Amino acid sequence: MAAPPSSVLAFDGGRVLAADPSEAQRVETLLARLQPELLGLLPDTSFEDLDVWVQDTPSLYMNATEASTDAEGLWSPTHQRIMLSRHADHIERTLAHELTHAALGASWGLLPGSMEEGLADHVSGSLCESGAARLRAGRLSSACLATGGVSLQVDVMPRADASPTGAVRSGWSACIRLKGEADGTDPLDVFRLAAGLSSTRLESGAKRGFYGLAYLAVSRIVDRAGYTGLQDLCLRAEEQGLSHVPAGWILEAAGLDAAPASWRGAAASAMGEAELVELVRMYPDFVSDAVQGYLTSTGASDTHPGDLEVEISLREGSATVLLSQIPDLQAKIAAALGRSGRATVQVASAHR
Ligand SMILES: [Zn+2]
């Protein structure tokens, strides 16, 4: 077994084991907020005494050979223990996700396949507003990537206020489709495969795809009927003596059908401006490629990227953002293009 972290903080309801007392205290402060809020949010939830271990890599065993289930967090029902990576992208959100697994009562056990992962993600987004757009962008884009890809359009043109008055502004458009390694997934496999279990061996791209599809289905049901609407499906299945909620019930409640295109369109439509900004941050290369394409094709290579209007839109769905809304990325692209511009000049002078 992995050795426990050295610093132990006991509190009412469990213990935090971390590298030092201040790290333990930080996690305990998060628990004190998240646990009661989670109980208020979801029906049929409760907490037994639990341990939270803060580790570099969350693992139960010294030499972990199995891929960890959520990479940044793990829940072991046998040990009543959450293992949390201190390097998690958003430690509070990861903790909220694992706490959801810990709190779910028996009725939720009727959710099929990977749906519990979608629920844990959805709850973590509800409880941690600051990480929610990033989480949604990650999960919804994964759902698109599993079912055909994310289609985007980038339009580049000179900014109106940087052009001579009355001048014709000619623009340049690129259509881009981001493709994922999990492309071609049958979305109904989300009800058959438990992507969150370490015993389910899946490539990381496939795993992300199932997390995305599960998140999409859960969020559509919760939008329509709340968490109680989702739980009602479990209770109804239980009453009818079923072992799991049938896939057809979930499709109906979520307003989805079996075709990948229905999931892809729903995931793209669920992305708003905040999620599109996060998506652009995740895949900045397609934007800089489009700006470079514009500069090359128009011969306007001395144009500063700040004098361009760069609009990025989702082709399925309605979200649109301007690159100027993401100033740090705009500056990064300008710097990269500036460097390559200077490099070209240097090469030219070397040949003179
Ligand atoms: Zn999980």
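Here, buried means under 20% relative accessible area, exposed means over 50%, and partly exposed is in between. Keep that in mind as you walk through this predicted model.

**Stop 1: glutamine 330**

Select glutamine 330, which lies in helix H10. Is glutamine 330 buried or exposed? Its relative accessibility is 18%, and because buried means under 20%, glutamine 330 counts as buried. Now show what surrounds it: leaving aside neighbours within four places in sequence, glutamine 330 is in contact with Pro305, Gly306, Leu323 and Ser324.

Next, step back to glutamine 325, in the loop between strand E9 (320-322) and helix H10 (327-351). With a relative accessible area of 37%, glutamine 325 is partly exposed.

**Stop 2: the whole chain**

The C-alpha atoms fill a box of roughly 75 × 50 × 35 Å, taken along the principal axes. Of the 352 residues, 50% count as buried. Among contacts with a separation of 6 or more, 70% are between residues 24 or more positions apart.

**Stop 3**

Select residues 7-11, strand E1, together with residues 14-18, strand E2. How many bridges join E1 to E2? There are five, and the two strands run antiparallel. Phenylalanine 11 has glycine 14 of E2 as its bridge partner. Two residues sit between the strands of this hairpin, and glycine 13 takes a positive phi near 110°.

**Stop 4**

In soluble globular proteins, nonpolar side chains tend to be buried together. To see this model's largest nonpolar core, which has 95 residues, start with Leu95, Leu119, Leu152, Trp263 and Phe286, the members that touch the most others. Helix H5 (residues 204-239) gives the largest share of this core, 15 residues. Apart from it lies another core, of five residues, including Leu17, Trp53, Leu60 and Met83.

Then centre on leucine 95. Which residues is leucine 95 in contact with, leaving aside its neighbours within four places in sequence? They are Val27, Leu30, Leu31, Leu34, Val52, Ile82 and Leu84.

Move to threonine 94, in helix H2 (residues 91-103). Threonine 94 counts as buried, at 9% relative accessibility. Beyond its neighbours within four places in sequence, threonine 94 is in contact with Glu72, Gly73, Leu84 and Ala88.

**Stop 5**

Select residues 115-127 for helix H3, which has 13 residues. From first C-alpha to last it reaches 18 Å, close to the 18 Å expected at 1.5 Å a residue. H3 is mostly covered, with eleven of its 13 residues buried. Among the buried ones are Met115, Leu119, Asp121, His122 and Leu127. What covers the buried residues of H3? The covering elements include helix H1 (21-41), H2, helix H4 (129-146), H5 and helix H6 (247-254).

Helix H4 has 18 residues and reaches 26 Å between its first and last C-alpha, close to the 26 Å expected at 1.5 Å a residue. H4 is also mostly covered, with 13 of its 18 residues buried. Glycine 148 follows H4, and its phi is positive, near 125°.

**Stop 6: rings and charges**

Show the side chains of arginine 81 and tryptophan 53. Arginine 81 lies over the face of tryptophan 53, at 3.6 Å from the ring centre. For another such arrangement, select arginine 236, whose charged end sits over the ring of tryptophan 249, 4.3 Å from its centre. The structure also holds one aromatic pair.

**Stop 7: two positive phi values**

Most residues other than glycine have a negative phi. Aspartate 44 is not a glycine, yet it has a positive phi of about 50°. Find it in the loop between H1 and strand E3 (50-55), where aspartate 44 counts as partly exposed at 34% relative accessibility.

Finish at glutamine 80, in the loop between strand E4 (73-76) and strand E5 (81-85). Phi of glutamine 80 is positive, near 50°, and this residue is partly exposed, with a relative accessible area of 22%.

Technical notes:
Residues are numbered from 1 along each chain as its sequence is written. This is a predicted model: local features need pLDDT of at least 70, side-chain atom pairs count only at pLDDT 80 or more; totals for chains, interfaces and linings use all residues. Side-chain values use heavy atoms; hydrogens and water are left out. Two strands pair if DSSP finds at least two bridges between them. Helices (H or I, at least four residues) and strands (E, at least two) are DSSP runs, numbered from the N terminus. Rings of Phe, Tyr and Trp (its six-membered ring) pair if their centres lie within 6.5 Å; planes under 30 degrees apart count as stacked, over 60 as edge-to-face and the rest as tilted. A charge sits over a ring if NZ of Lys or CZ of Arg is within 6 Å of the ring centre and within 35 degrees of the ring normal. A nonpolar core is a set of buried Ala, Val, Leu, Ile, Met, Phe, Trp, Tyr and Cys residues joined through side-chain atoms within 4.5 Å. Buried means under 20% relative accessible area, exposed over 50%, partly exposed in between (1.4 Å probe, protein chains only). Contact means heavy atoms within 4.5 Å. The expected span of a helix is 1.5 Å times one less than its number of residues.
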